[in-house]
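Visitor: I'd like to learn how to read strands and sheets in a model like this one. Could you walk me through it?

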Amino acid sequence: MLIHSTWRLTVSTSIVLPRPYGLELVKQLHQQLGLKMGSETIPAVSYSGIIGFYSTARDFITFHPEEFYQISLCGLNEISAKAISHLNLTDSLEFLGAKFNIINREDEITSYEELYTNLVGNEPEPAKYFDLQFITPTAFAQSGVNLPLPLPTLMFRSWLERWNTFAPIYLGSDELITYLSNAVVLKNHKIQTRSYQLNKNFVNGFVGDVMLQVLNRADPLLANVANLLVQYARFSGTGMKTRLGMGQTLINTSNK
């Protein structure tokens with residue numbers, strides 16, 4: 001089971017929160033879900049933080065009543081997906097003395113088997129381009145440093161690692177990554193770096209739009225596996241600290 005749940009939020013009056021509010025919020029949500037944090041090498045939950053326009057001043061951010069916001073939680077295994085599906089936040093989300101009004105909730109529910117069947121097993125026409133939008137700072141842990149660049153090899157490795165951890169269908173390992181790295185290239189991007197604060201620490205990541213292109217020489221089956229992993233990124237997120245709000249990824253797949 002896989003689930004991507006999104007709550008749309010508003011505030012009645014301006015709300016001021018400390019910049020690293022996200023850590024406190026994700027801890028509270030995990031408590032409500034009945035899930036432990038930090039017990040997994042690869043997290044089974046990805047979380048977006050609160051997405052939308054806010055103003056910043058020194059160590060604080062302000063949410064405004066004329067704006068709409070959203071927060072997403074994704075469950076990558078049966079336990080976390082069921083916990084999220086049963087999560088009832090009623091009509092508000094409250095933490096650190098702030099109150100966000102919940103105006104609606106949308107759930108996308110699927111399974112690993114369904115994704116694999118639709119995107120690979122049924123042998124659809126392979127996509128030629130993948131349009132990705134990274135809406136929260138995204139980075140990769142690389143040789144002891146954090147790399148804020150949309151390198152196809154690192155993106156596919158991130159998605160494949162999560163897929164192989166939680167899916168009942170094993171896709172492959174280093175050989176698959178090597179093949180995809182030579183068959184799918186970075187076509188263009190419009191990104192910028194942005195720092196993400198976790199407690200007292202800052203992590204640099206990139207946000208923005210990235211287009212990947214599948215080369216004509218790519219094997220159709222493996223091109224569809226690439227598409228499967230790209231579509232999976234909507235649930236898993238990309239790169240490091242996806243449980244804490246980094247690496248949230250939106251996909252618009254085109255066959256142009």
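Guide: Let's start with pairing: two strands pair if DSSP finds at least two bridges between them. Strands themselves are DSSP runs (E, at least two residues), numbered from the N terminus. This is a predicted model, where local features need pLDDT of at least 70 and side-chain atom pairs count only at pLDDT 80 or more, while totals for chains, interfaces and linings use all residues. Residues are numbered from 1 along each chain as its sequence is written, and side-chain values use heavy atoms, with hydrogens and water left out.

Visitor: What is the order of the strands in the open sheet of 3 strands?

Guide: The order is β2-β5-β4, with antiparallel pairing. At the edges sit β2 (15-18) and β4 (54-57), each pairing on one side only. From one strand to the next, the twist averages 25° (axes are lines fitted to C-alpha atoms, and angles run from 0 to 180 degrees between N-to-C directions).

Visitor: How many bridges join β4 to β5?

Guide: There are 4, and β5 covers residues 60-63. Ala57, for instance, has Phe60 in β5 as its bridge partner.

Visitor: And which way do β3 and β6 run?

Guide: They run antiparallel, joined by 5 bridges. Val45 stands opposite Gly75 in β6.

Visitor: Is Ser72 buried or exposed?

Guide: Buried means under 20% relative accessible area, exposed over 50%, partly exposed in between (1.4 Å probe, protein chains only). Ser72 is at 4%, so it counts as buried. This residue lies in β6 (residues 69-75).
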